[in-house]
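Trainee: I'm new to this one and would like a close look at a single part. Could you walk me through a hairpin and its surroundings?

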Amino acid sequence: MSTRAPIEMMGLDHLVIRCVDPVAMQRFYCDLIGCQLVFHNADFDLYHLRVGSQLIDLIPVDGILGKRGGAAPGAEGRNLDHFAIRIAEFDETALHAWVAENDLEIVEEGPRYGADGTGPSIYLRDPEGNIVELKGPSES
């Protein structure tokens, strides 16, 4: 029997969109929609755009992170890399126990930049293969 995760959800933290032309996407989201570029992680060519208290992240499909999603967005490739759920506390021991108890797989883990700054995260796959990040509070 599955057990519920030992977390308190706070809401969505960010969405990561794979794109062919990150400059055009940034212009659309910033100039037309009203988002604000708050951080560019040059190591991963990752653009963090503020939308209210959350983020939309843009990554090029041919970049380090974007290549994971396969072909460019279309019938044969996905454009949503992952989504993040902000959680109130990050109890690493309890989360790892819950993952093991429910036969889940941690795809990735470690500190990640999110809507409230850098904090701990774990990445899991849902039953359809989508990646869900559980994002803990900022450490800064």
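Mentor: Let's start at the hairpin of β2 and β3, where four residues sit between the strands and Asp-45 takes a positive phi near 50 degrees. This is a predicted model, so local features need pLDDT of at least 70 and side-chain atom pairs count only at pLDDT 80 or more, while totals for chains, interfaces and linings use all residues. Residues are numbered from 1 along each chain as its sequence is written, and side-chain values use heavy atoms, leaving out hydrogens and water.

Strands here are DSSP runs of E with at least two residues, and helices are runs of H or I with at least four, numbered from the N terminus. Two strands pair if DSSP finds at least two bridges between them. Strand β2 covers residues 36-41 and β3 covers 46-51, and the two pair in the antiparallel sense over five bridges. In one of those spots, Leu-37 has Leu-49 of β3 as its bridge partner.

Back to Asp-45: this residue lies in the loop between β2 and β3, and its positive phi occurs in a residue other than glycine. Asp-45 is partly exposed, at 27% relative accessible area (buried is under 20%, exposed over 50%, partly exposed in between, with a 1.4 Å probe and protein chains only).

Now follow β3 onward. β3 also pairs in the antiparallel sense with β4, residues 54-60, over five bridges, and Arg-50 stands opposite Leu-55 in β4. These two strands form a hairpin with two residues between them, and Gly-52 in that turn has a positive phi of about 65 degrees.
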